[in-house]
Amino acid sequence: MTAVSAQALPQADPSELLRVRGLTTRFHLHKKAVTAVDGISFDLKRGEVVAIVGESGCGKSITAFSIMGLLSPPGRVDSGEILFEGRNLAKLSREEMRDIQGNRISMIFQEPLTSLNPLLTIGFQLDEPIRAHLKLGKAAARERSLEMLRKVGMPRPEAVHASYPHELSGGMRQRVMIAMALSCNPSLLIADEPTTALDVTIQAQILELMKDLRNELQMTIVLITHDLGVVAEMADRVIVMYGGQIVEQGDTFSLFRNPSHPYTQGLLNSTPNIHELKDKLEPIKGTVPPLTNMPHGCRFHPRCPHAFEKCVSAAPGWVDLHDDHQMRCWLPEKKERSLHEHG
Ligand code: SF4
(Lines give C-alpha, C1' and ligand atoms only; values in the text may rest on other atoms or scores of the structure.)
Protein backbone atom coordinates (compact mmCIF):
# COMPACT_ATOMS: atom_id res chain seq x y z
CA MET A 1 0.00 0.00 0.00
CA THR A 2 1.32 3.37 -0.95
CA ALA A 3 -0.47 6.69 -0.96
CA VAL A 4 0.37 8.47 -4.17
CA SER A 5 -0.82 11.46 -6.08
CA ALA A 6 -3.72 10.84 -8.42
CA GLN A 7 -1.59 11.87 -11.40
CA ALA A 8 1.26 9.41 -10.88
CA LEU A 9 0.00 6.06 -12.12
CA PRO A 10 2.65 3.37 -11.65
CA GLN A 11 2.79 0.20 -13.77
CA ALA A 12 0.52 -2.69 -12.71
CA ASP A 13 2.27 -4.83 -10.11
CA PRO A 14 1.31 -8.52 -9.68
CA SER A 15 1.51 -8.20 -5.89
CA GLU A 16 -1.03 -5.37 -5.99
CA LEU A 17 -4.63 -6.24 -5.08
CA LEU A 18 -6.38 -2.89 -5.00
CA ARG A 19 -5.51 0.43 -6.54
CA VAL A 20 -7.54 3.48 -5.55
CA ARG A 21 -6.97 6.69 -7.51
CA GLY A 22 -8.55 10.07 -6.84
CA LEU A 23 -11.56 8.56 -5.05
CA THR A 24 -14.10 11.28 -4.34
CA THR A 25 -17.35 10.47 -2.55
CA ARG A 26 -20.06 13.06 -2.03
CA PHE A 27 -23.45 13.28 -0.40
CA HIS A 28 -25.87 15.10 -2.68
CA LEU A 29 -28.15 16.91 -0.30
CA HIS A 30 -31.10 19.13 -1.07
CA LYS A 31 -29.20 22.22 -2.18
CA LYS A 32 -25.56 21.24 -2.24
CA ALA A 33 -23.10 18.39 -2.52
CA VAL A 34 -20.99 17.60 0.55
CA THR A 35 -17.61 15.94 -0.02
CA ALA A 36 -16.88 13.15 2.48
CA VAL A 37 -13.85 11.59 0.76
CA ASP A 38 -11.75 13.97 -1.27
CA GLY A 39 -9.57 12.57 -4.02
CA ILE A 40 -7.72 9.89 -2.05
CA SER A 41 -5.25 7.48 -3.67
CA PHE A 42 -3.57 4.38 -2.29
CA ASP A 43 -2.59 0.81 -3.21
CA LEU A 44 -3.04 -2.42 -1.26
CA LYS A 45 -0.74 -5.38 -1.73
CA ARG A 46 -1.83 -8.99 -1.43
CA GLY A 47 -1.58 -10.36 2.11
CA GLU A 48 -0.89 -7.09 3.93
CA VAL A 49 -2.84 -5.57 6.81
CA VAL A 50 -3.43 -1.86 6.34
CA ALA A 51 -5.00 0.27 9.05
CA ILE A 52 -6.99 3.40 8.25
CA VAL A 53 -7.01 5.64 11.32
CA GLY A 54 -8.45 8.99 12.33
CA GLU A 55 -11.18 10.42 14.52
CA SER A 56 -14.86 9.82 13.76
CA GLY A 57 -15.97 11.88 10.78
CA CYS A 58 -12.59 11.82 9.00
CA GLY A 59 -13.80 9.66 6.11
CA LYS A 60 -12.55 6.19 7.13
CA SER A 61 -15.84 4.34 6.98
CA ILE A 62 -17.08 6.20 3.90
CA THR A 63 -13.88 5.11 2.14
CA ALA A 64 -14.69 1.49 3.05
CA PHE A 65 -18.32 1.82 2.00
CA SER A 66 -17.21 3.37 -1.31
CA ILE A 67 -14.89 0.43 -2.03
CA MET A 68 -17.59 -2.08 -1.05
CA GLY A 69 -20.27 -0.38 -3.17
CA LEU A 70 -22.43 -0.04 -0.05
CA LEU A 71 -23.24 3.65 -0.34
CA SER A 72 -26.87 4.48 -0.74
CA PRO A 73 -28.37 7.77 -1.95
CA PRO A 74 -27.69 10.59 -1.36
CA GLY A 75 -24.09 9.25 -1.12
CA ARG A 76 -22.20 8.21 -4.25
CA VAL A 77 -18.71 7.91 -5.71
CA ASP A 78 -18.46 10.95 -7.97
CA SER A 79 -15.02 10.38 -9.43
CA GLY A 80 -11.90 8.27 -9.24
CA GLU A 81 -11.03 4.64 -9.82
CA ILE A 82 -11.21 1.61 -7.53
CA LEU A 83 -9.27 -1.03 -9.44
CA PHE A 84 -9.71 -4.48 -7.92
CA GLU A 85 -8.47 -7.59 -9.69
CA GLY A 86 -8.40 -5.62 -12.93
CA ARG A 87 -11.95 -4.17 -12.72
CA ASN A 88 -12.97 -0.63 -11.82
CA LEU A 89 -15.51 -1.15 -9.02
CA ALA A 90 -16.67 2.46 -9.31
CA LYS A 91 -18.11 1.65 -12.74
CA LEU A 92 -19.85 -1.67 -11.97
CA SER A 93 -23.63 -2.05 -11.86
CA ARG A 94 -25.34 -2.92 -8.56
CA GLU A 95 -25.75 -6.49 -9.75
CA GLU A 96 -22.09 -6.89 -10.71
CA MET A 97 -21.11 -5.37 -7.37
CA ARG A 98 -23.38 -7.78 -5.48
CA ASP A 99 -21.45 -10.64 -7.03
CA ILE A 100 -18.20 -9.25 -5.60
CA GLN A 101 -19.59 -8.30 -2.17
CA GLY A 102 -19.25 -11.12 0.32
CA ASN A 103 -17.40 -13.12 -2.29
CA ARG A 104 -14.15 -11.46 -3.42
CA ILE A 105 -14.45 -8.57 -0.90
CA SER A 106 -16.05 -9.00 2.52
CA MET A 107 -16.72 -6.57 5.32
CA ILE A 108 -17.24 -6.97 9.05
CA PHE A 109 -18.81 -4.26 11.15
CA GLN A 110 -18.53 -2.94 14.67
CA GLU A 111 -21.80 -4.30 16.05
CA PRO A 112 -22.60 -7.75 14.68
CA LEU A 113 -26.09 -7.76 16.16
CA THR A 114 -27.16 -5.04 13.75
CA SER A 115 -25.59 -6.89 10.80
CA LEU A 116 -27.25 -10.23 11.56
CA ASN A 117 -30.94 -10.80 10.92
CA PRO A 118 -32.53 -11.56 14.32
CA LEU A 119 -35.28 -13.66 12.72
CA LEU A 120 -33.03 -16.12 10.91
CA THR A 121 -30.75 -18.81 12.32
CA ILE A 122 -27.00 -18.38 12.10
CA GLY A 123 -26.95 -21.47 9.88
CA PHE A 124 -29.34 -19.98 7.35
CA GLN A 125 -27.40 -16.71 7.26
CA LEU A 126 -24.13 -18.56 6.78
CA ASP A 127 -25.38 -21.14 4.26
CA GLU A 128 -27.23 -18.82 1.87
CA PRO A 129 -24.30 -16.67 0.64
CA ILE A 130 -22.17 -19.82 0.34
CA ARG A 131 -24.84 -21.45 -1.83
CA ALA A 132 -25.21 -18.32 -3.95
CA HIS A 133 -21.53 -17.45 -4.42
CA LEU A 134 -19.88 -20.87 -4.41
CA LYS A 135 -22.81 -22.59 -6.17
CA LEU A 136 -22.94 -25.38 -3.59
CA GLY A 137 -25.92 -27.60 -2.73
CA LYS A 138 -27.64 -27.46 0.64
CA ALA A 139 -25.60 -30.20 2.37
CA ALA A 140 -22.26 -28.99 1.00
CA ALA A 141 -23.04 -25.38 2.02
CA ARG A 142 -23.90 -26.54 5.56
CA GLU A 143 -20.63 -28.47 5.72
CA ARG A 144 -18.72 -25.38 4.59
CA SER A 145 -20.52 -23.24 7.22
CA LEU A 146 -19.59 -25.69 9.97
CA GLU A 147 -16.00 -25.75 8.72
CA MET A 148 -15.86 -21.94 8.90
CA LEU A 149 -17.34 -21.91 12.41
CA ARG A 150 -14.65 -24.39 13.47
CA LYS A 151 -12.00 -22.25 11.80
CA VAL A 152 -12.96 -19.20 13.85
CA GLY A 153 -12.67 -21.29 17.03
CA MET A 154 -16.38 -21.62 17.73
CA PRO A 155 -17.20 -24.24 20.35
CA ARG A 156 -20.10 -26.60 19.42
CA PRO A 157 -20.47 -25.37 15.81
CA GLU A 158 -23.57 -27.53 15.15
CA ALA A 159 -25.41 -25.89 18.06
CA VAL A 160 -24.30 -22.40 16.93
CA HIS A 161 -25.45 -23.20 13.39
CA ALA A 162 -28.96 -23.86 14.75
CA SER A 163 -29.01 -20.78 17.03
CA TYR A 164 -30.51 -17.33 16.58
CA PRO A 165 -28.22 -14.27 16.96
CA HIS A 166 -29.67 -13.21 20.34
CA GLU A 167 -28.70 -16.61 21.81
CA LEU A 168 -24.98 -15.86 21.32
CA SER A 169 -22.61 -13.56 23.23
CA GLY A 170 -21.09 -10.47 21.56
CA GLY A 171 -17.75 -12.24 21.02
CA MET A 172 -19.48 -15.27 19.47
CA ARG A 173 -21.54 -13.06 17.16
CA GLN A 174 -18.36 -11.33 16.00
CA ARG A 175 -16.80 -14.75 15.31
CA VAL A 176 -19.90 -15.64 13.29
CA MET A 177 -19.48 -12.42 11.29
CA ILE A 178 -15.84 -13.29 10.62
CA ALA A 179 -16.84 -16.84 9.60
CA MET A 180 -19.45 -15.35 7.29
CA ALA A 181 -17.01 -12.83 5.85
CA LEU A 182 -14.43 -15.53 5.14
CA SER A 183 -16.74 -18.27 3.92
CA CYS A 184 -16.36 -17.47 0.21
CA ASN A 185 -12.55 -17.03 0.31
CA PRO A 186 -12.42 -13.25 -0.20
CA SER A 187 -9.11 -11.77 -1.21
CA LEU A 188 -9.93 -8.54 0.63
CA LEU A 189 -11.49 -8.24 4.09
CA ILE A 190 -12.54 -4.80 5.32
CA ALA A 191 -12.99 -4.72 9.09
CA ASP A 192 -14.69 -1.56 10.38
CA GLU A 193 -13.96 -1.19 14.13
CA PRO A 194 -14.29 -4.99 14.48
CA THR A 195 -13.47 -5.14 18.18
CA THR A 196 -14.73 -1.81 19.55
CA ALA A 197 -17.93 -3.26 21.01
CA LEU A 198 -16.14 -6.20 22.67
CA ASP A 199 -14.51 -6.48 26.07
CA VAL A 200 -10.73 -6.51 26.23
CA THR A 201 -10.23 -10.29 26.52
CA ILE A 202 -12.54 -11.09 23.61
CA GLN A 203 -10.97 -8.23 21.64
CA ALA A 204 -7.53 -9.84 22.02
CA GLN A 205 -8.92 -13.22 20.90
CA ILE A 206 -10.60 -11.75 17.81
CA LEU A 207 -7.42 -9.88 16.82
CA GLU A 208 -5.38 -13.04 17.28
CA LEU A 209 -7.90 -14.93 15.16
CA MET A 210 -7.74 -12.34 12.37
CA LYS A 211 -3.93 -12.50 12.39
CA ASP A 212 -3.97 -16.32 12.15
CA LEU A 213 -6.52 -16.29 9.34
CA ARG A 214 -4.61 -13.66 7.44
CA ASN A 215 -1.45 -15.80 7.63
CA GLU A 216 -3.30 -18.96 6.72
CA LEU A 217 -5.43 -17.56 3.89
CA GLN A 218 -3.07 -14.82 2.63
CA MET A 219 -5.88 -12.30 2.71
CA THR A 220 -5.46 -8.55 2.53
CA ILE A 221 -7.11 -6.84 5.49
CA VAL A 222 -8.14 -3.20 5.73
CA LEU A 223 -8.62 -2.41 9.38
CA ILE A 224 -10.59 0.73 10.14
CA THR A 225 -10.09 1.84 13.69
CA HIS A 226 -9.49 4.75 16.02
CA ASP A 227 -7.60 2.41 18.38
CA LEU A 228 -3.87 2.88 17.82
CA GLY A 229 -3.11 -0.05 20.14
CA VAL A 230 -4.93 -2.34 17.70
CA VAL A 231 -3.01 -0.76 14.82
CA ALA A 232 0.37 -1.40 16.47
CA GLU A 233 -0.69 -4.99 17.12
CA MET A 234 -2.06 -5.80 13.68
CA ALA A 235 -1.06 -3.51 10.85
CA ASP A 236 1.87 -3.61 8.43
CA ARG A 237 1.03 -0.17 7.20
CA VAL A 238 -1.03 2.83 8.29
CA ILE A 239 -3.09 5.45 6.46
CA VAL A 240 -4.03 8.50 8.55
CA MET A 241 -7.13 10.38 7.38
CA TYR A 242 -8.32 13.83 8.32
CA GLY A 243 -11.11 15.90 6.76
CA GLY A 244 -11.75 13.31 4.04
CA GLN A 245 -8.12 13.30 2.89
CA ILE A 246 -5.06 11.15 3.58
CA VAL A 247 -2.58 13.27 5.56
CA GLU A 248 0.15 10.72 6.38
CA GLN A 249 0.88 7.15 5.41
CA GLY A 250 3.72 4.75 5.97
CA ASP A 251 4.80 1.41 7.35
CA THR A 252 3.66 0.96 10.93
CA PHE A 253 7.13 0.89 12.45
CA SER A 254 8.28 4.06 10.72
CA LEU A 255 5.05 5.93 11.38
CA PHE A 256 4.90 5.06 15.09
CA ARG A 257 8.58 5.75 15.56
CA ASN A 258 8.54 8.97 13.62
CA PRO A 259 5.01 10.39 13.46
CA SER A 260 5.47 13.50 11.35
CA HIS A 261 2.14 15.11 10.56
CA PRO A 262 0.92 17.23 13.49
CA TYR A 263 -2.42 15.39 13.35
CA THR A 264 -0.74 11.97 13.65
CA GLN A 265 1.36 13.33 16.51
CA GLY A 266 -1.82 14.56 18.16
CA LEU A 267 -3.49 11.16 17.79
CA LEU A 268 -0.49 9.43 19.34
CA ASN A 269 -0.21 11.95 22.18
CA SER A 270 -3.84 11.41 23.06
CA THR A 271 -3.47 7.61 23.20
CA PRO A 272 -2.31 5.69 26.28
CA ASN A 273 0.93 3.87 25.57
CA ILE A 274 1.82 0.78 27.56
CA HIS A 275 5.50 1.05 26.60
CA GLU A 276 5.95 4.60 27.77
CA LEU A 277 4.48 6.00 30.96
CA LYS A 278 3.04 9.41 30.18
CA ASP A 279 2.21 11.87 32.92
CA LYS A 280 -0.92 12.93 31.13
CA LEU A 281 -2.59 12.39 27.80
CA GLU A 282 -2.97 15.45 25.61
CA PRO A 283 -6.17 15.51 23.58
CA ILE A 284 -6.08 17.31 20.22
CA LYS A 285 -7.71 20.67 20.78
CA GLY A 286 -10.93 21.49 18.95
CA THR A 287 -13.12 19.11 17.00
CA VAL A 288 -13.22 17.54 13.55
CA PRO A 289 -14.68 20.13 11.13
CA PRO A 290 -18.13 19.34 9.73
CA LEU A 291 -18.20 18.13 6.10
CA THR A 292 -20.29 21.17 5.24
CA ASN A 293 -17.62 23.60 6.42
CA MET A 294 -14.11 22.37 5.65
CA PRO A 295 -11.37 24.92 6.37
CA HIS A 296 -9.40 26.31 3.39
CA GLY A 297 -5.73 25.50 2.97
CA CYS A 298 -4.63 22.68 5.25
CA ARG A 299 -7.82 21.31 6.76
CA PHE A 300 -6.11 20.72 10.09
CA HIS A 301 -4.94 24.34 10.48
CA PRO A 302 -7.60 25.48 13.03
CA ARG A 303 -6.42 22.71 15.40
CA CYS A 304 -2.73 22.57 14.53
CA PRO A 305 -0.24 23.87 17.12
CA HIS A 306 2.29 24.59 14.32
CA ALA A 307 0.01 26.38 11.85
CA PHE A 308 1.42 29.48 10.10
CA GLU A 309 0.14 31.81 7.35
CA LYS A 310 0.68 29.50 4.39
CA CYS A 311 -1.34 26.71 6.08
CA VAL A 312 -4.43 28.92 5.99
CA SER A 313 -4.19 29.87 2.33
CA ALA A 314 -2.84 26.79 0.50
CA ALA A 315 -3.33 23.03 0.73
CA PRO A 316 -0.02 21.19 1.20
CA GLY A 317 1.17 18.52 -1.25
CA TRP A 318 2.88 15.21 -0.51
CA VAL A 319 6.34 15.20 1.08
CA ASP A 320 8.51 12.06 1.10
CA LEU A 321 9.91 11.38 4.58
CA HIS A 322 11.48 7.94 4.22
CA ASP A 323 10.98 4.97 1.91
CA ASP A 324 7.24 4.52 1.75
CA HIS A 325 6.47 7.13 4.40
CA GLN A 326 4.87 10.37 3.28
CA MET A 327 2.76 13.21 4.62
CA ARG A 328 0.97 16.34 3.51
CA CYS A 329 2.22 19.31 5.52
CA TRP A 330 4.06 22.58 4.93
CA LEU A 331 6.44 22.17 7.87
CA PRO A 332 9.34 20.48 6.00
CA GLU A 333 9.27 23.28 3.38
CA LYS A 334 9.19 25.91 6.12
CA LYS A 335 12.13 24.27 7.88
CA GLU A 336 14.14 24.10 4.68
CA ARG A 337 13.41 27.75 3.88
CA SER A 338 14.47 28.80 7.34
CA LEU A 339 17.74 26.80 7.11
CA HIS A 340 18.43 28.43 3.75
CA GLU A 341 17.73 31.93 5.08
CA HIS A 342 19.90 31.49 8.14
CA GLY A 343 22.78 30.06 6.22
FE1 SF4 B 1 -0.22 22.16 10.67
FE2 SF4 B 1 0.34 23.69 8.58
FE3 SF4 B 1 1.19 21.20 8.62
FE4 SF4 B 1 -1.37 21.73 8.33
S5 SF4 B 1 0.26 22.24 6.89
S6 SF4 B 1 -0.52 20.22 9.63
S7 SF4 B 1 -1.63 23.50 9.63
S8 SF4 B 1 1.81 22.87 10.00
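First, the ground rules. This is a predicted model, so local features need pLDDT of at least 70, side-chain atom pairs count only at pLDDT 80 or more, and totals for chains, interfaces and linings use all residues. Residues are numbered from 1 along each chain as its sequence is written, and side-chain values use heavy atoms, with hydrogens and water left out.

Why look for charged pairs? Side chains of opposite charge can pair when their charged atoms come close. My cut-off for a salt bridge is a side-chain nitrogen of Lys or Arg within 4 Å of a carboxyl oxygen of Asp or Glu. How many salt bridges does the structure hold? The count is 17.

Start inside a helix. Arg-144 bridges to Glu-147, with the closest N and O atoms 3.6 Å apart. Both sit in helix H5, residues 138-151. They are three residues apart, about one turn of the helix. Helices here are DSSP runs of H or I, at least four residues; strands are runs of E, at least two; both are numbered from the N terminus.

Buried or exposed? I call a residue buried under 20% relative accessible area, exposed over 50%, and partly exposed in between, using a 1.4 Å probe and protein chains only. Arg-144 is at 15%, so it counts as buried. Glu-147, at 35%, is partly exposed.

Next, Asp-324 and Arg-237. Their closest N and O atoms are also 3.6 Å apart, in a salt bridge. Asp-324 is in the loop between strands E11 (318-322) and E12 (325-328), and Arg-237 is in strand E9 (residues 237-242), so this pair ties together parts 87 residues apart in sequence. Arg-237 is buried at 8%. Asp-324 is partly exposed at 33%.

Salt bridges link Arg-26, Arg-76 and Asp-78.

Now the strands. Two strands pair if DSSP finds at least two bridges between them. Strand E1 (residues 16-28) and strand E2 (residues 33-45) run antiparallel, joined by 10 bridges. Which residue in E2 is the bridge partner of Val-20? That is Phe-42. The hairpin from E1 to E2 goes through four residues.

That's my tour. Thanks.
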